[in-house]
Amino acid sequence: MALAISEEHKELADVAASHLARGNVREAARQTLDGTGADLPAFWSATAGLGWFGLHLPEEHGGSGFGLPELTVVSEALGHELAPGPFLPTVTASAILAHSAPESVQARWLPGLADGSAIGAVGLSPGLTLDSDGGLTGESRAVIGAPQAAVLVLVVGDDVVVVEPGEAGVSVSTRAGLDTTRTIGNVTVDGAAIPAERILKGAARAAVTYFRILAAAEAVGSAMACLETATDYVKTREQFGRPVGTFQAVKHHCANMLIDIEMTVAATWDAARAGDVESAWFAAAVAASHAARAQVKAARLNIQLHGGIGFTWEHDAHLYLRRADTVAAVLADGRDPLVDVVEAFRAGEAHGASFELPEEAQTFREQAGAAVANYKALPDAEQRDYLVDSGYLVPHWRKPWGREAGVVEQLVIEEEFAGIDLPDLGITGWVNLTISQVGTDEQKSRWIDPVLRGQTNWCQLFSEPGAGSDAAAVRTAGKRVDGGWRVTGQKVWTSAALGCEWGLATVRTDSQASKHAGVTMMAIRLDSPGVEIRPLREITGDALFNEVFFDDVFVPDTDVVGGEGEGWKVARATLGNERVSIGGGSGSIAFTGKELVKLLDGSPGARENAEHEVGEILAEEHTLRLLNLRQAARAIAGAGPGPEANVTKLVKAEHSQRITNLGMTLAGPAAVMGEVPDVSYPYLFTRCLTIAGGTSEIMRNTIAERILGLPRDPLVR
């Protein structure tokens, strides 16, 4: 299960999966299609016996005293198996009552909701009104579980009211819902007199937050099931003589499903771990916005990738589609999560849960705090040397250059040095981190210290004309001569080459070997005879890229990095260093969500759905940070790597384009007349981000093959 990181949550997820497998829950979901409903009592009582209905409830009311994180783990498992029945509305109702209701109301309903003997439902639509005397009138529509519920928790403006079906003035009408696995209906109230203790003043925000978090957790499971079944199918289904999963279009569908799911996982995890539901409003809105989109898209693509069989009544695919569209509609009814994201941003509430570090962090914090104080006390000319000598410039590097800092220490250092303008090594750092890993002792001694002290810069000489993102398609050739090599060829799209003293280059030294085996990595001095650098002017007017030509350039054996014929391994290490750095936060553009909201608020004529679009960008911006935090949390918990790092680089590049695209739209004619350079320049610059460092298309292929296990195209060697 995707949400679980800690060992305790993984164990809970395993128990949930085992229970659902034994109960043959998907078969029960299929039974609902005949209109008679599945036989749920056995499954419901077994689930109640595990204590899942009361995981989040206080022990004095029959609960287990845990919280939302545990409940979301179980909700994900139920969503994965498309468990029928009103679990989602029941636990949401009990969570709201436990948070907002007085003791008398809790004592009346929580024990039954905790042991599964009572069913709850939650109405979120805006059709009810409450007068000053407690008279309730109107209709709450599309209430999941309402036809079975013993207690109804209904949002009315800023408040919540608690009513019972059948009490005076309250009626429930059953509807033939799209999702046959759960009942749905409208609650109509005609002047019902609601006792004061059942009017929960100001509780609507908490109610919506609970529903959004739990619905998002369920959506994670459903979307993940769609991805798993789709990828399993395309791995084996053959067309045109090979598995359809080898085709790039299919790979990209699967990769997009994974990306959407991972964004939803990170956002839901963030919202669930908030200690106080009041502070989770923004995080829950972000999670709900991702969940609605991801679940529906995954369900639709699952049918598409299954082809004709996915469109049959007997296949499970349409059950997931029915569930996805129903939840998405309820999530958006009257309260667009993306509009709430924008409003929370304006109100200064655009933050997620705090990231708690283990106790060992305190020692690192004291050390880093002292380092910051020492750094600030030094003259400007001595500050960089202090960072180098103390290891704080590159703390994650091995000694003697860094501190060999683990995840906890790195996070502490990042916090303590926040606001300090530290040197950014960029590509120079990626290259020399590789040298520190695979270079000889002499090379490390000769090259690394000058780099750290800002005395030399390096570039990366990988791309070649005609090769594009295929970094192994190397034609630059090295010919063995006495004491070294003579190199001839051309590199292109080389960032910052004009300002560098050295370049790390892939050179083909064995034309008879396979594509990857005949490459050697060489460090080339860029002032050597035979080296020519020609700037390439880009669409921004800048000349950051360059062509680099080698005409019989001599490279001594002492400048071969990693050994003859081992160049592709070294290149892979360098590319990996690059992607970790980009995924970790470097390479940001200056135009952010803050600037986007300013443009929105300054554009009174913005089209009707502009606020919704801005909300999408703000949610994505926030979630990019969460992917990094979740990756760090995995490392702290010893959970092993997840898919976050592979997803982050791709999403960040495309996000940079989406945010500047929308900025240009909001700025309108002012942007194209040069009156808003803060958006027009980033708009032009970000065109390169989905090309540089591996195109988005290649990144999607990589995600599909390395994470999802789809087969490689047999025509690509």
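This is a predicted model: local features need pLDDT of at least 70, side-chain atom pairs count only at pLDDT 80 or more; totals for chains, interfaces and linings use all residues.
Four strands make up an open sheet, ordered β2-β3-β7-β6, with antiparallel pairing. At its edges stand β2 (128–130) and β6 (170–175), each with a single partner strand, so one side of each has no neighbour in the sheet. From one strand to the next the twist averages 15°; axes here are lines fitted to C-alpha atoms, for helices over the stretch in contact, and angles run from 0 to 180 degrees between N-to-C directions. Strands count as paired if DSSP finds at least two bridges between them. The elements themselves are DSSP runs numbered from the N terminus: helices are H or I with at least four residues, strands are E with at least two.

Residues are numbered from 1 along each chain as its sequence is written, and side-chain values use heavy atoms, with hydrogens and water left out.

Back to the strands. Strand β6 is joined to β7 (residues 184–193) by six antiparallel bridges, and Ser171 sits opposite Thr188 in β7.

Then there's β4 (residues 151–156), where six of six residues are buried (buried is under 20% relative accessible area, exposed over 50%, partly exposed in between, with a 1.4 Å probe and protein chains only). In a regular strand, side chains alternate between the two faces of the sheet. Both faces of β4 are covered, with Val151, Val153 and Val155 buried on one side and Leu152, Leu154 and Val156 buried on the other. Its pairings look like this:

| Partner of β4 | Sense | Bridges | Example pair |
|---|---|---|---|
| β1 (residues 120–123) | parallel | four | Ala121 and Leu152 |
| β5 (residues 159–163) | antiparallel | five | Leu154 and Val161 |

The hairpin of β4 and β5 has two residues between the strands, and Gly157 takes a positive phi near 60° there.

Most residues other than glycine have a negative phi, and most peptide bonds are trans. Trp493, not a glycine, has a positive phi of about 60°. Trp493 belongs to the loop between β13 (484–491) and β14 (502–508) and is exposed, at 53% relative accessible area. Asp552 also has a positive phi, near 55°, but lies in strand β17 (residues 545–556) and is partly exposed at 40%. The peptide bond joining Lys399 and Pro400 is cis, with omega about 10°; Pro400 is in the loop between α13 (380–390) and α14 (407–416).

What about disulfides (pairs of cysteine sulfur atoms within 2.5 Å)? The whole structure has zero. For Cys254, the nearest cysteine sulfur is that of Cys226, 12 Å away, and Cys254 is buried at 0%. Cys459 is also buried, at 0%; its sulfur is 4.6 Å from that of Cys500, too far for a bond.

Finally, the second largest pocket has a volume of about 900 Å³. On a 1 Å grid over the protein atoms alone, a pocket is an open set of points where a 1.4 Å probe fits, with protein on both sides within 12 Å along at least five of seven lines; lining residues have an atom within 4 Å of a point. The lining of the second largest pocket has 35 residues, with Pro69, Trp269, Ala272, Arg273 and Ala274 nearest the centre. Its largest share, four residues, comes from α4.

Technical notes
Grid points are joined across faces, edges and corners, and a volume is the space filled by probe spheres set on the points. A disulfide is a pair of cysteine sulfur atoms within 2.5 Å.
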